[in-house]
Structure formats: C-alpha cells, structure tokens
Amino acid sequence: MCAKSLLLVFGILLGLSHLSLSQDWPTFQRKHITSTSSIDCNTVMNNSLFIIRGTCKEVNTFIVSTAATVQDICSGVPGPSNVTSSTNFELIDCIRRSEVPPPCPYNSNSENNVICVTCERTLPVHFVRKGRCP
Ligand SMILES: *[C@@H]1O[C@H](CO)[C@@H](O)[C@H](O)[C@H]1NC(C)=O
Ligand SMILES: *[C@@H]1O[C@H](CO)[C@@H](O)[C@H](O)[C@H]1NC(C)=O
C-alpha cells in the first residue's frame, strides 16, 4: 500500500471518530429546545438524555423557542464555529438540587439572555453557554 492510500484511510478514520464525538442537531433539539416555559425540571430531567452513566446531569439549559428560530443562529455559518445569537431568548436552567440515584430533584431558574452555540454545516450542534461566546 502506498503512503497516499494509508493517509486516506487514516483521514477517513479521523473523520468518523470526529463524527461520533460531535453532537448533532436532532440531539441539540431534544436537549435544549422547549416549546413551553412551563416545564417541570424534575420530570424533564428524568430522561436518559440527562443521565450519564447513572449520574444526573448537573445543569441543563432549555431555550423556550422553536427549532426554526434557533436554527437561524447558524444560518449561513458552515463552521465549525461558535456563534452568539443576535437576539435574546427566554432560558430555563434546570439545576440539580442533590446528587442522588436518578431521578434527582432539580430547581429551575429563568432569565432572558443571548446564547452561544457551536454551528456545524449551518446547524446548531452544541450549546456552549448562556451569554456571549467567550
Ligand atoms: C423516571 O423515569 C423512569 C424511567 O423512565 C420511570 O420509571 C420513573 O417513573 C420516573 N420517575 C419520575 C419521578 O418521574
Ligand atoms: C466553542 O467554545 C467552546 C467553549 O469555549 C470551545 O471548547 C470550543 O472549542 C469552541 N468551538 C469552536 C468551533 O470554536
């Protein structure tokens, strides 16, 4: 095998490992977008999405919006890059009250703020933080 084809195989493997590591838009929607501000953190956080190896996720931010509006943040951004939204969103943090075997009790906290997301191929794939991108 020549060096070129070895490089190609290596490149493909790298690409695949990157794919499996990175999050995707459907998962982003399930984890971070809610159509209603009246969510009960105790109920929504009791989901395999937020229980990693038997441990409840410490904090999760929900964006009260539609998928289309959130998707617009990455419109025309091939990325991968971090982008700050140009408008404020209503945000709900679900914050773990105590670390016990699931389901864990959660508190909630609301605020309006811009958000920083990672855009890949014009789609949001990772919620970076509330507020502007670092
Ligand atoms: C949490 O989720 C588990 C598994 O889906 C379910 O059996 C249980 O009733 C839920 N508990 C609460 C308090 O919602
Ligand atoms: C986005 O921001 C996070 C947190 O600061 C950082 O770890 C990540 O590398 C950034 N991604 C890109 C594509 O700039």
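1. Setting aside residues up to four places away in sequence, Phe 28 touches Ile 33, Ile 63, Val 70, Val 117, Pro 124, Val 125, His 126 and Phe 127. Contact here means heavy atoms within 4.5 Å. The model is predicted, so local features need pLDDT of at least 70 and side-chain atom pairs count only at pLDDT 80 or more, while totals for chains, interfaces and linings use all residues. Residues are numbered from 1 along each chain as its sequence is written, chains are lettered from A and ligands numbered from 1 in the order in which they are written, and side-chain values use heavy atoms, with hydrogens and water left out.

2. Phe 28 also belongs to the largest nonpolar core, which has 15 residues; Phe 28, Ile 63, Val 70, Ile 73, Phe 89, Ile 115 and Val 117 touch the most other members. A nonpolar core is a set of buried Ala, Val, Leu, Ile, Met, Phe, Trp, Tyr and Cys residues joined through side-chain atoms within 4.5 Å. Buried means under 20% relative accessible area, exposed means over 50%, and partly exposed lies in between (1.4 Å probe, protein chains only). At least two residues of this core come from each of α2 (25-32), β6 (89-96) and β8 (115-120), and β8 gives the most, with 3 residues. Helices (H or I, at least four residues) and strands (E, at least two) are DSSP runs, numbered from the N terminus.

3. There is a second, separate core of 11 residues, and its members include Phe 50, Phe 62, Cys 94 and Tyr 106. Val 44, in helix α3 (residues 41-44), is in contact with Ile 39, Phe 50, Phe 62 and Cys 94, leaving aside neighbours within four places in sequence. The C-alpha atoms of Val 44 and Cys 94 are separated by 9.0 Å, although the two residues are 50 residues apart along the chain. Val 44 has a relative accessible area of 28% and is therefore partly exposed.

4. Thr 27 is found in helix α2. Its relative accessible area is 17%, so Thr 27 is buried. The side chain of Thr 27 makes a polar contact (2.5 Å) with the side chain of Asp 24. A polar contact is a pair of N or O atoms within 3.5 Å; within protein, one must be able to donate a hydrogen and the other to accept it, and residues adjacent in sequence count only if both atoms are side-chain atoms.

5. The residues around ligand 2 are Pro 80, Ser 81, Asn 82, Val 128 and Pro 134, each having a heavy atom within 4 Å of the ligand. The protein covers 42% of the 360 Å² of accessible area that ligand 2 has on its own. A polar side-chain atom of Asn 82 lies 2.2 Å from an oxygen atom of ligand 2.

6. Some backbone features deserve attention. Most residues other than glycine have a negative phi, and most peptide bonds are trans. A cis peptide bond, with omega about -5°, joins Gly 79 and Pro 80; Pro 80 lies in the loop between α4 (67-71) and β5 (81-84). The bond from Pro 102 to Pro 103 is cis as well, with omega near 0°.

7. Arg 53 is not a glycine, yet has a positive phi of about 50°. Arg 53 lies in the loop between β2 (51-52) and β3 (55-56) and is exposed, with a relative accessible area of 79%.

Technical notes:
Accessible areas come from the Shrake-Rupley method with a 1.4 Å probe; for residues, only the protein chains shown count as cover.
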